[in-house]
Amino acid sequence: MEWSGAMLILFIIIITLILDQWTKYLITSQMILNQSIPVINNFFHITYVKNPGAAFGILPYQTTFFIIVTVLVVVVLGYYAFSLNKNQLLLKVAFALQIGGAIGNFIDRIRTGYVVDFLDFKIWSPVFNVADVAIVLGVSLFALQVVTEIIKDKKAEV
């Protein structure tokens, strides 16, 4: 195994999981439910909430559905991540972030039936967590790669 391959993917997944679970532990052990601590008043707060649904709280209490979907997503992303070529580093990082984030929220759902959220930007409605950030960042990197490839293909046609 080389660093740019499986080791990199596993490293990113593990770091994402550690950061996600550690921050959730800090929140649940140091705050009471619905407590909000202003970091930048009226802009960014640390707010402890329980989210029994998916993004934006959709499909609340569908834990079994989310567990099944997460397992499928992690298996598919894992398959693709570990079968990428050596030079597809951005995609490896993108998939690893998505896998780490998905597993982080999966752990919450298995353990408690809900996800712990705490990052609360007052200009943006939903409260979210480190796993959510990793998923969004991973999807964004994937989209960047796709757009870059489309532009490269268009230039090659000209």
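Q: Why are H3 and H4 called roughly antiparallel to each other?
A: In this predicted model, in which local features need pLDDT of at least 70, side-chain atom pairs count only at pLDDT 80 or more, and totals for chains, interfaces and linings use all residues, H3 and helix H4 (residues 130-157) pack at an angle of about 155°, and their axes lie 7 Å apart. Angles run from 0 to 180 degrees between N-to-C directions, the axes being lines fitted to C-alpha atoms, for helices over the stretch in contact. Under 35 degrees a pair counts as roughly parallel, over 145 as roughly antiparallel, from 65 to 115 as roughly perpendicular, and otherwise as oblique. H3 and H4, at about 155°, are therefore roughly antiparallel to each other.

Q: Which residues of H3 and H4 meet, and how do they divide into nonpolar, polar and charged?
A: On the H3 side they are Leu90, Leu91, Val93, Ala94, Phe95, Leu97, Gln98, Gly101, Ala102 and Asn105, and these meet Ala131, Asp132, Ala134, Ile135, Leu137, Gly138, Val139, Leu141, Phe142, Leu144 and Gln145 in H4, where contact means heavy atoms within 4.5 Å. The residues of this contact divide into 15 nonpolar, 5 polar and 1 charged.

Q: How do you know that H2 and H3 are roughly antiparallel to each other?
A: Helix H2 (residues 63-83) and helix H3 (residues 89-112) pack at an angle of about 155°, with their axes 9 Å apart, and H2 and H3 are therefore also roughly antiparallel to each other. The contact involves Thr63, Phe66, Ile67, Thr70, Val71, Val74, Leu77, Gly78, Tyr80 and Ala81 of H2, together with Lys92, Phe95, Gln98, Ile99, Ala102, Ile103, Phe106, Arg109 and Ile110 of H3. Of the residues in the contact of H2 with H3, 13 are nonpolar, 4 polar and 2 charged.

Q: What makes the pairing of Lys24 and Asp20 a salt bridge?
A: The term requires a side-chain nitrogen of Lys or Arg within 4 Å of a carboxyl oxygen of Asp or Glu, and the side chains of Lys24 and Asp20 meet at 2.8 Å, N to O. Both residues lie in helix H1 (residues 3-30), 4 residues apart, which is about one turn of the helix. Lys24 is buried, and Asp20 is buried too.

Q: Why does Asp108 count as buried, and why does Arg111 count as exposed?
A: Buried means under 20% relative accessible area, exposed means over 50%, and partly exposed covers what is in between (1.4 Å probe, protein chains only). Asp108 has 1% relative accessibility and therefore counts as buried, whereas Arg111, at 54%, counts as exposed. Asp108 forms a salt bridge with Arg111, the closest N and O atoms being 3.5 Å apart, and both residues lie in helix H3, 3 residues apart, about one turn of the helix.

Q: Why is Lys122 called partly exposed, and why is Asp120 called buried?
A: The side chains of Lys122 and Asp120 also meet in a salt bridge, at 2.8 Å from N to O. Lys122 has a relative accessible area of 41% and is therefore partly exposed, while Asp120, with 6%, is buried. Salt bridges that share partners join Asp20, Lys24, Asp108 and Arg111 into one network, and the structure holds 5 salt bridges.

Q: How many helices and strands does the protein chain have?
A: There are 4 helices and 3 strands, following the pattern α-β-β-α-α-β-α along the sequence. Helices (H or I, at least four residues) and strands (E, at least two) are DSSP runs, numbered from the N terminus. Of the 158 residues in the protein chain, 40% are buried. Residues are numbered from 1 along each chain as its sequence is written, and side-chain values use heavy atoms, with hydrogens and water left out.

Technical notes
Nonpolar A, V, L, I, M, F, W, Y, C, P; charged D, E, K, R; others polar.
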